Structure formats: C-alpha cells, structure tokens
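Visitor: I would like to learn how to read the features of a model such as this one. Please take the terms in turn and then apply each of them.

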Amino acid sequence: MWKKRESYNPHITIVTSLFDGQQTGIPHSVGIYNELWVDKLYRGIERNYNGTFGFVCLTEKNRKFKEPIRQVKFLRSVDQYGWMSLMEQYRPDLCVGKRCTMGLDTIITGPLDDIFDYSPEKVALCTDPYHPHLICNALTLATPEFSKEFWNRWLHNEQQILRECTLFGAPSEMVLLRKLYGDSPRLNDMFPGRIVSYKVDIVPMHRAVEDTSIVYFHGEPKPHIINENWIQENWK
C-alpha cells in the first residue's frame with residue numbers, strides 16, 4: 001500500500017520560485033509567471049521521473065496550486081532583493097537530502113532518473129550557453145552540506161555580496177555561484193545533449209527535442225508564446 005508523501009523522505013526535492021517580478025528590472029520576466037507554470041513543471045517531472053520527489057515553491061504570497069506543491073514564503077522582500085531572492089532556494093530548512101533547483105521557464109522533455117540519481121560532492125551546475133568558460137544556474141543539484149555552506153556565506157556577507165555580485169546592474173546569486181563554485185561539475189557535460197538551451201540548442205537544430213530531458217529558456221522568448229508541437233506535448 002502506498003504511503004502518504006508526508007511519511008517518507010523523497011529521493012530528491014525540486015525547488016523553484018514564483019514571484020511577481022515587478023521590481024526585478026528584467027522586462028522579459030515581469031507579469032509572465034503564475035501558478036499554472038508551477039503546476040506544469042511539477043507534472044513534467046512526475047511524468048518523467050520514477051523515484052520519489054518533493055516539490056517546493058518559494059512564493060511572496062499565498063498561492064493556489066492544483067498539484068501537491070509545498071509553498072514556502074520568502075524570508076525577505078522580493079521587491080527589495082529582486083533576483084537575489086533566488087538565494088533562498090538554498091535555504092537549509094526547505095528540505096532534507098539532495099535538492100534540484102530550476103526555473104519555471106523549464107520544460108521536462110524526457111527521462112530524469114539518471115540525472116536525479118547523480119550525487120555531486122557539493123554542487124553540480126550547467127555551462128553557460130553563451131559563455132562556455134562560465135557556469136549558469138539553469139539547473140543545479142546540491143547536497144544538504146552545500147546548501148548549508150552557501151546559505152551561511154550569504155547570511156554572514158550579505159551586504160558585500162549585494163555590492164559585488166551583480167549582473168546587468170542587479171544583484172545575482174548566479175554571479176556568487178560563479179565566484180565560489182565555478183569549477184564544479186557541469187551537468188550538461190555528464191549528460192551530453194540532455195540538458196539544453198532552447199535558443200542555443202533547439203532553435204538552430206543542434207539538438208533534437210526527442211533526445212533531450214530538460215529544455216530551459218533564458219531571456220526571450222518564453223514557451224507560452226511559442227507555437228511548436230513539442231511544447232504542447234510536454235508542457236501541460
């Protein structure tokens with residue numbers, strides 16, 4: 001007999017964030033995301049992963065989801081911290097065990113078991129699609145030890161990080177990841193062709209969607225304005 005989800009520790013916990021974005025200063029993200037994006041991400045993982053998983057969404061207000069998503073309030077004002085609020089995806093209190101962070105502009109297109117089974121020593125990230133010498137935060141796998149270490153660095157150096165870790169003039173947790181963990185394992189190297197950028201890999205047809213597991217969108221366009229069959233089939 002199946003146990004209730006609350007009665008077991010999941011193999012992995014997915015952590016994502018949903019907030020309005022009015023104060024982030026990044027126009028392509030303002031007023032786009034809502035609860036439906038979170039539900040679609042949950043369902044994509046459920047269709048393609050055979051293990052047990054938890055799902056946490058950080059929010060700035062009470063939300064109504066159709067799927068069994070645990071919502072957790074941001075500790076700080078998103079209006080004040082903007083994109084640096086994504087630091088909270090590594091809060092140790094969010095879950096036990098391994099976590100996977102990803103953005104809502106992510107479509108699950110294929111099997112996830114081997115990717116989620118990978119256990120980094122601390123954290124594994126992705127290669128920046130435009131700057132291969134840099135990492136990016138399209139997808140991260142992190143151990144509890146890493147989350148505690150990274151979160152404590154933030155708590156004890158917040159003002160310095162806000163000043164020094166900026167991207168396009170705004171504080172960015174990805175810049176902090178680059179500074180501290182830029183030589184970490186890269187998931188797209190370990191799983192070639194499986195974790196890809198829509199603009200860099202799919203549009204120029206360097207990769208076939210049916211051979212991928214995760215397609216992430218960055219900047220514009222976002223999936224809700226793209227009329228392609230594979231999106232309708234996998235993002236629902």
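Guide: Begin with the radius of gyration, which is taken over C-alpha atoms; the globule rule is 2.2 Å times the number of residues to the power 0.38. With 236 residues, that rule puts a compact globule near 18 Å, and the chain has 17 Å, which agrees. Along the principal axes, the C-alpha atoms fill a box of roughly 45 × 45 × 35 Å.

Visitor: What kind of model is this, and how are its residues numbered?

Guide: This is a predicted model, in which local features need pLDDT of at least 70 and side-chain atom pairs count only at pLDDT 80 or more, while totals for chains, interfaces and linings use all residues. Residues are numbered from 1 along each chain as its sequence is written, and side-chain values use heavy atoms, with hydrogens and water left out.

Visitor: How many helices and strands does the chain have?

Guide: Helices (H or I, at least four residues) and strands (E, at least two) are DSSP runs, numbered from the N terminus. The chain has 9 helices and 11 strands.

Visitor: What share of the residues counts as buried?

Guide: Buried means under 20% relative accessible area, exposed means over 50%, and partly exposed lies in between, with a 1.4 Å probe and protein chains only. Of the 236 residues, 53% count as buried. For the surface, accessible areas come from the Shrake-Rupley method with a 1.4 Å probe, and for residues only the protein chains shown count as cover. The chain has an accessible surface of about 11,700 Å², and carbon and sulfur atoms make up 50% of that.

Visitor: Which residues does leucine 18 contact?

Guide: Leucine 18 is found in strand β1 (residues 12-18), and at 1% relative accessibility it counts as buried. Leaving aside neighbours within four places in sequence, its contacts include Tyr33, Val38, Cys57, Phe65, Phe74 and Leu104.

Visitor: Where does glutamate 158 lie, and what does it touch?

Guide: Glutamate 158 lies in helix α5 (residues 158-164). Its relative accessible area is 13%, so it is buried. Not counting residues up to four places away in sequence, glutamate 158 touches Arg76 and Tyr81.

Visitor: Why is helix α6 described as largely enclosed?

Guide: As a general idea, an α-helix has 3.6 residues a turn, so residues three or four places apart point the same way. In helix α6 (residues 173-181), 7 of the 9 residues are buried, so the helix is largely enclosed by the rest of the structure. Among the buried residues are Met174, Val175, Leu176 and Leu177. The buried residues of α6 pack against β6, β7 (135-142), α4, α5, β8 (166-167) and β9 (170-171).

Visitor: How are the charges placed, and how many salt bridges are there?

Guide: Lys and Arg count as positive and Asp and Glu as negative, while His and the chain ends are not counted. The place of a charge is taken as NZ of Lys, CZ of Arg, CG of Asp or CD of Glu. The mean positions of the 28 positive and 29 negative charges are 5 Å apart. A salt bridge is a side-chain nitrogen of Lys or Arg within 4 Å of a carboxyl oxygen of Asp or Glu, and by this rule the count comes to 10.

Visitor: Which parts does the pair of aspartate 105 and lysine 222 tie together?

Guide: Aspartate 105 forms a salt bridge with lysine 222, with the closest N and O atoms 2.6 Å apart. Aspartate 105 lies in the loop between β4 (99-102) and β5 (106-108) and lysine 222 in the loop between β11 (214-216) and α9 (229-234), so the pair ties together parts that are 117 residues apart in sequence. Aspartate 105 is buried at 12% relative accessibility, and lysine 222 is buried at 3%.

Visitor: Is arginine 194 buried or exposed?

Guide: Arginine 194 counts as buried, at 15% relative accessibility. Its salt-bridge partner is aspartate 114, with the closest N and O atoms 2.9 Å apart. Aspartate 114 is partly exposed, at 35%.

Note on methods
Contact = heavy atoms within 4.5 Å.
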